[in-house]
Amino acid sequence: MPKLALHWQIAIAISLAVIAGMLGGADAEIAGIKLLAVYAFLGTLFLNALKMLIVPLVSASIISGMAGIGGDNLERLGGKTLLFYATSSLIAILIGLTVVNIIQPGVGDTEALAASLSSDNAELNATLAKVEGRSAADIVQVFERMIPPNVIAAAANGQMLGLIFFSLLYGFFLARSDSEHAEVQLNFWQGLMDIMTSMTMWVMKFAPIGVFGLVAKTVAGTGFDAFAPMLKFFFAAALALALHAFVAMPLVLRYLGKVRPVKHYQAMAPAMLTAFSTASSSATLPLTMECVQDKSGASKRTSGFVLPLGATVNMDGTALYECVAAMFIAQVYGLDLSFAQQFTVVMVALLTSIGVAGIPAASLVAISVILGTIGLPLEGIGLLLVTDRILDMMRTAVNVFSDSCAAVVIARSEGEQTAIAIPSPPHQR
C-alpha cells in the first residue's frame, strides 16, 4: 500500500484533532489525566523540535547562501526581496481594507460584542497589560534588534533579526575572504546546511502527531459557543486572507514568476498546514525551506537568503489582519473613518507588521498602536480575543505562503528554472 504524502497525513491529523477537540472539550479526562494536557504535551514536543532547528538552519542557510551570492550580487537580490515584501504586504492590507468596508462586520447589533468588554474579563485585563504603554516608537526598536550586542544571546532569546544580520555579514565577508581557510569555512556551513535539512526531514515524520496535539488543544480550549457574536468579523477576516492567498498570490506567481500556481500549492501544502497548526512562521521555517528547495525547485542560494528574512519581517497575513481588526473595532465604536484616516491605518499596519514582529503579543501590540493612532480605546482589543487564536493560525499560513512566493518569484527573476516553471513555447527555447 503506497504511503500517504505528508500533506495528506497532516490534513487527516487536523481533521481528527478538530473532532477530538469538539467531542472532548477542555475538561475531558481519561484515567484521571486531562486530555488537554496530553494534547499540549504532544504539540509542545513537536513545536520544540522545530524550534530547535531554527538557529543552526538559519545561520547555515544564510551564510552559505551569501557566500554563493557573492558581495556584488547582494544589493540586487536584497533590493528585489525588500521590494517584493513591501508590495505584497501593501496588497494584503488593501484587500483587507476593501473587504472590511464592504462587509462592515462591526455595524449592526453590537450589544453581544459589548458584553465581552466588561471590566472583570480576566483575559482582557491580561492582554491589556501586555500592550499597555506600547506606541509607534516600538517600531524603532526593530533597528536596535537588528544589531544585537551579543549574537549568541540574541539567538537564545529568539531575536531572529539580529541573528540574520550577523549571518548576512558573516557570509558577505566569507565570500570576499582571501584566507586559505575560507574554503574550509564554506564547506563547513554547506555541510551543516545539508545536515539540518536531513534533521528537518526526520522531525517532520512526527508532524501528524504534533499537529494533532496542537490543533486538538486549540479546539478543546477555545470552544465555539463564544464565536456567535464574532462570526461576521471572523468571516470578513478569513475571506480577506483567502483572497490574498488564493487570488492575489497566484496571479503574482503566474504573471510575475511565470510558474504554475497549482504546482506551488502542492509543493507548499506541508509547510502551510504546519504553519496553520503551529501559528509560527519561524517554527515552520525549516519545513518551508525544504518545500521551496526540494519541491518548488528554488536554489539554496536564493531561498536561503529570502526565506529566513521573510519569516522575520514579511507578515502579509498579519498586516491584513491588523487592518481588518482595527477597522472592525472602529465600526463597533461607531467611528466613521475618513479616507485620510483609513490611509493612516494602511500605512501604520504596513510599518507595524514589520516593526513589532519580534515582540510578545505582536499582532495585538500592532493593533494597539493603530487604535492609538486613530483615537480608539485599547479595550477594543477585547473584541478580538475569542477568535484570535484561530485567525492567528490562518494568517500564519498566509505569511508562510507569501514568503514562499517571494522565494520562487525572485528565483525566477534570477534566471532559475525551478521545478514549477511554465514551459516556454518551442519557438522561444
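Which side chain meets that of Glu 414 in a salt bridge of 2.7 Å, N to O? I put this first in my notebook, and I record at the outset that the model is predicted.

**Entry 1: Glu 414 and its partners**

I looked up Glu 414 and found its side chain in a salt bridge with that of Arg 76, at 2.7 Å from N to O. Glu 414 lies in the segment after α18 (385-413) and Arg 76 lies in helix α3 (residues 71-103), so this pair ties together parts that are 338 residues apart in sequence. Glu 414 has a relative accessibility of 18% and counts as buried, because buried means under 20%. Arg 76 has a relative accessible area of 38% and is partly exposed.

I next noted that Glu 414 forms a salt bridge with Arg 301, with the closest N and O atoms 3.1 Å apart. Arg 301 belongs to helix α14, while Glu 414 is in the segment after α18, so the two tie together parts that are 113 residues apart in sequence. Arg 301 counts as partly exposed, at 23% relative accessibility. Through shared partners, salt bridges join Arg 76, Lys 80, Arg 301 and Glu 414 into one network.

**Entry 2: Asp 194 and Lys 300**

I counted six salt bridges in the structure. One of them is between the side chains of Asp 194 and Lys 300, at 2.8 Å from N to O. Asp 194 sits in helix α9 (residues 182-203) and Lys 300 in helix α14 (residues 300-313), so the pair ties together parts that are 106 residues apart in sequence. I found Asp 194 partly exposed at 39% relative accessibility, and Lys 300 partly exposed at 41%.

**Entry 3: aromatic pairs**

How many aromatic pairs does the structure hold? I recorded eleven. Among them are the rings of Tyr 39 and Phe 212, whose centres are 5.8 Å apart and whose planes stand at 80 degrees, so the pair is edge-to-face. I noted that this pair links distant parts of the chain, with Tyr 39 in helix α2 (residues 35-69) and Phe 212 in helix α10 (residues 207-222), 173 residues apart. Tyr 39 is buried, with a relative accessible area of 7%, whereas Phe 212 counts as partly exposed at 22%. I also found a cluster in which ring pairs link Phe 166, Tyr 170, Phe 188 and Trp 189.

**Entry 4: a nonpolar patch**

I turned to the surface and found a nonpolar patch formed by Phe 235, Leu 239, Leu 243, Phe 246, Val 247, Leu 251 and Tyr 255. Together these residues have about 680 Å² of accessible area. I located Phe 235 in helix α11 (residues 231-255). Phe 235 counts as partly exposed, at 49% relative accessibility.

**Entry 5: helix α12**

I compared the span of helix α12 (residues 261-278) with expectation. At 1.5 Å a residue, its 18 residues should span 26 Å, and its end C-alpha atoms are 24 Å apart, which agrees. I also recorded a bend of about 55 degrees in α12 at Met 268, with a proline, Pro 270, following within four residues.

Is α12 mostly covered or mostly uncovered? I found α12 mostly covered, with 13 of its 18 residues buried.

Notes:
Residues are numbered from 1 along each chain as its sequence is written. This is a predicted model: local features need pLDDT of at least 70, side-chain atom pairs count only at pLDDT 80 or more; totals for chains, interfaces and linings use all residues. Side-chain values use heavy atoms; hydrogens and water are left out. A salt bridge is a side-chain nitrogen of Lys or Arg within 4 Å of a carboxyl oxygen of Asp or Glu. Buried means under 20% relative accessible area, exposed over 50%, partly exposed in between (1.4 Å probe, protein chains only). Patches are made of residues with over 30% relative accessible area and no salt bridge: like charges are joined within 9 Å, nonpolar side chains (Val, Leu, Ile, Met, Phe, Trp, Tyr) within 5 Å. Accessible areas come from the Shrake-Rupley method with a 1.4 Å probe; for residues, only the protein chains shown count as cover. The expected span of a helix is 1.5 Å times one less than its number of residues. The bend at a residue is the angle between axes fitted to the seven residues ending there and the seven starting there. Rings of Phe, Tyr and Trp (its six-membered ring) pair if their centres lie within 6.5 Å; planes under 30 degrees apart count as stacked, over 60 as edge-to-face and the rest as tilted.
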